Amino acid sequence: MKPISIYIVEDELLITMSLKNQLESAGYKILGMATKCETCLKDLEMLKAQGNEPEMVLMDINIRGTIDGIETARRITEQFDCGIIFITGQSSKEVYERSFKIKPFGYLLKPIDLEQTMMIIEIGAYQRTLELEKRKYQQQLVELLEERTREKDEVTAMYDMLIENTLLGLTIMQDGRMVFVNQEAERIFGYSLDEFIGLDNKTLVGHIHPDDRETAVANAQKRLNGEEVPQMQRIRFILRDGTLKTLMSYVKPVQYHGRPALHQVYFDLSRLEQ
């Protein structure tokens, strides 16, 4: 197995060298050491640029300098994928409350015990691997969802394009009112979209030629009741200016937003003469 890579941040040089030697003898790979937090951050940037970022950083909480170990660890977790194991000679509640927010993988209490250190490093490295795998899977899931969303948007755009450029007038009637119309339906019937949506069933039925009206209304009601009737019929429609149009009508009951509706398809037969 590949040895776990470690970076040590400790301002007591004797502790640093002793820890380095013991860990290297135990088979761990020490990528660097620092006695100041600023040096640590610069080293980690360089190691990351080389593709050699350490798996674990052993960080002294009370290291001397302009920033302490907890603040340094916070910056490390924001910029790098290193796991943090804190080294501390204190066990005060305040120290732990501050450091908990960093979500470290463990604590080493001075004087440092090698066996305990190795156990914490092994557990921390394993947890870090799981966390990185989880992050990778989450990113893959996000990318998959984004791809599906793009595909859905493309299909929706294509569907809208087909709906609005077809030679068929498409409408959906529900509760006696039009709840959907496309551009061809607007052209066929001579109503704008806003006017169409505001029309009730009585007004629309009034435009049907009197000789066709009774049959059209009866068939529509039968369809809503679930009865079998011919889905296609020829009807004559009188526009507001008195013009008479002959249409082929195809009507089918559907569920629209979970409730019964009639999906109506119209073809203007005068188009055959164009």
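In these legends, Ala, Val, Leu, Ile, Met, Phe, Trp, Tyr, Cys and Pro count as nonpolar, Asp, Glu, Lys and Arg as charged, and the others, Gly among them, as polar. The model is predicted, so that local features need pLDDT of at least 70 and side-chain atom pairs count only at pLDDT 80 or more, while totals for chains, interfaces and linings use all residues. Residues are numbered from 1 along each chain as its sequence is written, and side-chain values use heavy atoms, with hydrogens and water left out.

View 1. The largest pocket holds about 440 Å³ of space, where a pocket is an open set of points on a 1 Å grid over the protein atoms alone, fitting a 1.4 Å probe, with protein on both sides within 12 Å along at least five of seven lines. Grid points are joined across faces, edges and corners, and the volume is the space filled by probe spheres set on them. Its lining, meaning residues with an atom within 4 Å of a point, comprises 27 residues, and M173, N201, V205, A220 and Q264 lie nearest the centre. By class, the lining of the largest pocket divides into 18 nonpolar, 7 polar and 2 charged residues. At least two lining residues come from each of β6 (169-174), α8 (201-206), α9 (210-224), β8 (232-238), β9 (244-256) and β10 (259-268), these elements being DSSP runs numbered from the N terminus (helices H or I, at least four residues; strands E, at least two). The most is given by α9, with 6 residues.

**View 2. The second largest pocket.** The second largest pocket has a volume of about 260 Å³, and of the 14 residues lining it, T77, I102, K103, F105 and E131 are closest to its centre. Both β4 (83-88) and α5 supply at least two residues of this lining, with α5 giving the most, 4 residues. The lining of the second largest pocket divides into 7 nonpolar, 2 polar and 5 charged residues.

**View 3. Packing of α1 against α5.** Helix α1 (residues 13-25) and helix α5 (residues 114-165) pack at an angle of about 65°, with their axes 11 Å apart; axes are lines fitted to C-alpha atoms, for helices over the stretch in contact, and angles run from 0 to 180 degrees between N-to-C directions. That angle makes α1 roughly perpendicular to α5, a label for 65 to 115 degrees. The crossing of α1 and α5 is right-handed, that is, the near helix is turned clockwise from the far one by less than a right angle. In the contact (heavy atoms within 4.5 Å), L19, Q22 and L23 of α1 meet L114, T117 and I121 of α5, and these residues divide into 4 nonpolar, 2 polar and no charged.

**View 4. Packing of α2 against α3.** Helix α2 (residues 37-49) and helix α3 (residues 69-79) pack at about 15°, with their axes 10 Å apart, and are therefore roughly parallel to each other, a label for angles under 35 degrees. The crossing of α2 and α3 is right-handed. From α2, the contact takes C37, C40, L41, L44, E45 and K48, and from α3 it takes G69, T72, R75, I76 and Q79.

View 5. Most residues other than glycine have a negative phi, and most peptide bonds are trans. A cis peptide bond, with omega of about -5°, joins K110 and P111, and P111 is placed in the loop between β5 (106-109) and α5. D175, although not a glycine, has a positive phi of about 55° and is found in the loop between β6 and β7 (177-181).

Technical notes:
Angles under 35 degrees count as roughly parallel, over 145 as roughly antiparallel, 65 to 115 as roughly perpendicular and the rest as oblique.
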